[in-house]
Each structure stands twice: as structure tokens, then as C-alpha cells.
Amino acid sequence: MKDRKLALLGKCIRRLREEKGVSQEEFAALADLDRAYYGGIERGERNVAVLNLIKIAVALEVEVGELFPTLAVLRRSEKDTNGR
């Protein structure tokens with residue numbers, strides 16, 4: 001089972017990539033990441049390393065912080081997970 005926070009991170013990264021109009025395969029090459037590994041990031045299956053987050057941010061031409069979901073979204077996810 002994938003971690004909800006990683007899934008939210010992947011969702012944010014996917015949205016940014018799609019806004020650029022680039023396929024997963026094209027983007028993985030642009031970011032110098034294996035396509036299967038990058039797909040796992042977007043699906044929330046990978047606990048992505050900081051160096052790879054930097055590669056993704058540079059390829060997307062955004063600040064690293066823009067890759068992450070907001071604190072409100074993370075808190076809401078935590079409440080949903082804990083059943084509060």
C-alpha cells in the first residue's frame with residue numbers, strides 16, 4: 001500500500017508536468033531519471049531522494065517547494081488516515 005503523503009507529492013509533480021505538456025517518458029529523459037522510476041514517483045510508490053527532487057524541479061523550472069502539497073492538504077490527508 002502506498003503512502004498517502006507520497007501519493008500527494010506525486011500528484012503535485014504530475015500536475016506540474018502536465019501543465020508543461022510533456023509526457024512521462026519525455027519528462028523522465030529531461031530530468032535524467034529512469035522512466036519506470038519516475039512513473040513510480042508520480043504514482044506515490046517511491047520515497048524520492050532529495051537529489052531527484054532537485055532534478056525534477058530544475059526540469060520543470062520551478063522552485064523545489066512547488067513540488068510539494070500544501071500543509072493544509074497534508075493535514076487533511078493525515079486526518080483522513082487517522083479517522084478523525
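Me: pLDDT is the predictor's confidence in each residue, from 0 to 100. What is the mean pLDDT of the chain?

Reply: This is a predicted model, in which local features need pLDDT of at least 70 and side-chain atom pairs count only at pLDDT 80 or more, while totals for chains, interfaces and linings use all residues. Residues are numbered from 1 along each chain as its sequence is written, and side-chain values use heavy atoms, with hydrogens and water left out. In this chain, 94% of residues reach 70 or more. The mean pLDDT is 93.

Me: In which helix is confidence lowest?

Reply: Helices (H or I, at least four residues) and strands (E, at least two) are DSSP runs, numbered from the N terminus. Confidence is highest in α4, at a mean of 98. Where pLDDT is low, the predicted coordinates should not be read in detail. The lowest mean, 82, belongs to α5.

Me: Within what arc do the buried residues of α4 fall?

Reply: Buried means under 20% relative accessible area, exposed over 50%, and partly exposed in between (1.4 Å probe, protein chains only). In α4, the buried residues are N52, L53, I56, A57, A59 and L60. They line one face of the helix because, seen down its axis, they fall within an arc (taken from the directions from the helix axis to the C-beta atoms) of 165°.

Me: Against which helices do the buried residues of α4 pack?

Reply: The other side of α4 has V50, L51 and V58 exposed. Contact means heavy atoms within 4.5 Å, and L60 is in contact with L16, R17, K20, F27 and L67, leaving aside neighbours within four places in sequence. The buried residues of α4 pack against α1, α2 and α3.

Me: Are the rings of F27 and Y38 stacked, edge-to-face or tilted?

Reply: Rings of Phe, Tyr and Trp (its six-membered ring) pair if their centres lie within 6.5 Å; planes under 30 degrees apart count as stacked, over 60 as edge-to-face and the rest as tilted. By this rule there is one aromatic pair. The centres of F27 and Y38 are 5.1 Å apart and the planes stand at 50°, so the pair is tilted.

Me: How many residues apart in sequence are E42 and R14?

Reply: A salt bridge is a side-chain nitrogen of Lys or Arg within 4 Å of a carboxyl oxygen of Asp or Glu. The closest N and O atoms of E42 and R14 are 3.2 Å apart, and the two form such a bridge. E42 lies in helix α3 and R14 in helix α1, so the pair ties together parts whose separation in sequence is 28 residues.

Me: Which residues are linked in a network of salt bridges?

Reply: The whole structure holds seven salt bridges, one of them between R17 and E18, with the closest N and O atoms 4.0 Å apart. R17 is buried at 7%, whereas E18 is partly exposed at 48%. E42 is buried at 1%, and R14 is partly exposed at 26%. The network links R14, R17, E18 and E42.
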